[in-house]
Amino acid sequence: MNTLISSLSPLSAIARFVALVGAPVRRVAKTPAFLLALTCICSLATAAPAPVVPLSDDPACTAEDRKFMARAYELAAAASARGNGAFGALVVKDGQILMEFSNDAKTSGDVTHHGETGLVALTSRKLGITSMKGCTFYTSTEPCIMCCGAINSSGVTRLVYGTTAIQVTRLRGRTLPMKPLQVREVFERAGRPDVTVCGPLMEAEGLAVHAAAFAKIDAAPKS
């Protein structure tokens, strides 16, 4: 019974429960007090999620980091405009952009083409597999575990991310993971204390990019 009820909407679940427990509860269910309580419960259950409050910038980030993060957000917005997820990344050495990449997982048909994995692959092919050693890697959103693996293999020694992944999950209204595995823990557990992780940075701007992308997805005709 619990499994059945948990799969229903709040209103349907209450109605199903009343039907299952029998006549005594059905009599109570007709009272004004019960109907008022039911209305309140359903209003709470269907209320819009609370606004996502941007996290403060990591104080370890610099003015130069802000400049390159602004570019990462531009790349993320460009990815969304082309029908992909709103993620972008770039790699920088000595204050110069070596390479940049916008997520194209959907349009390329390659689910591994996240912003970070695509950037590592592109840079390795174009500039050589050792070209990213000692570089700073900028990514618009905290990278997933797959992308952390690619970044770990690239040889970069500093990673700066813009928007925290959990914040994007909140923005989308999805259930948060019980024990989220975040980027700092991934690199710690990978035995890479030499990789400095900084972020979040300019998270308000990143959340705005994601919000626009989600609005575009929700407005698209459903197939």
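**Notes on the sheet, the loops and the pocket**

1. Met 202 sits in the loop between β5 and α11 (helices, H or I with at least four residues, and strands, E with at least two, are DSSP runs numbered from the N terminus). Its phi is positive, about 55°, although Met 202 is not a glycine. At 9% relative accessibility Met 202 counts as buried (buried is under 20% relative accessible area, exposed over 50%, partly exposed in between, with a 1.4 Å probe and protein chains only).

2. A word on the source: this is a predicted model, where local features need pLDDT of at least 70 and side-chain atom pairs count only at pLDDT 80 or more, while totals for chains, interfaces and linings use all residues. Residues are numbered from 1 along each chain as its sequence is written, and side-chain values use heavy atoms, with hydrogens and water left out.

3. Back to that loop between β5 and α11: Pro 200 is found there too. The peptide bond joining Gly 199 and Pro 200 is cis, with omega about 5°. Most peptide bonds are trans, and most residues other than glycine have a negative phi.

4. Asp 94 also has a positive phi, near 55°, and its place is the loop between β1 and β2. Asp 94 counts as exposed, at 73% relative accessibility.

5. Now the sheet. It is open, with five strands in the order β2-β1-β3-β4-β5 and mixed pairing (two strands pair if DSSP finds at least two bridges between them). β2 (96-102) and β5 (196-198) are the edge strands, each pairing on one side only.

6. What about β3? Six of the six residues of strand β3 (residues 136-141) are buried, so the rest of the structure largely encloses it. Strand β1 (residues 88-93) runs antiparallel to β3, joined by four bridges; Val 92 has Thr 136 as its bridge partner, and Val 91 stands opposite Phe 137. With strand β4 (residues 158-163), β3 pairs in the parallel sense over five bridges, and Thr 139 stands opposite Tyr 161.

7. Last, the largest pocket, with a volume of about 850 Å³ (a pocket is an open set of points on a 1 Å grid over the protein atoms alone, where a 1.4 Å probe fits, with protein on both sides within 12 Å along at least five of seven lines; lining residues have an atom within 4 Å of a point). The volume is the space filled by probe spheres set on the points, which are joined across faces, edges and corners. Of its 35 lining residues, Phe 87, Thr 141, Val 168, Arg 174 and His 210 are the closest to the centre.
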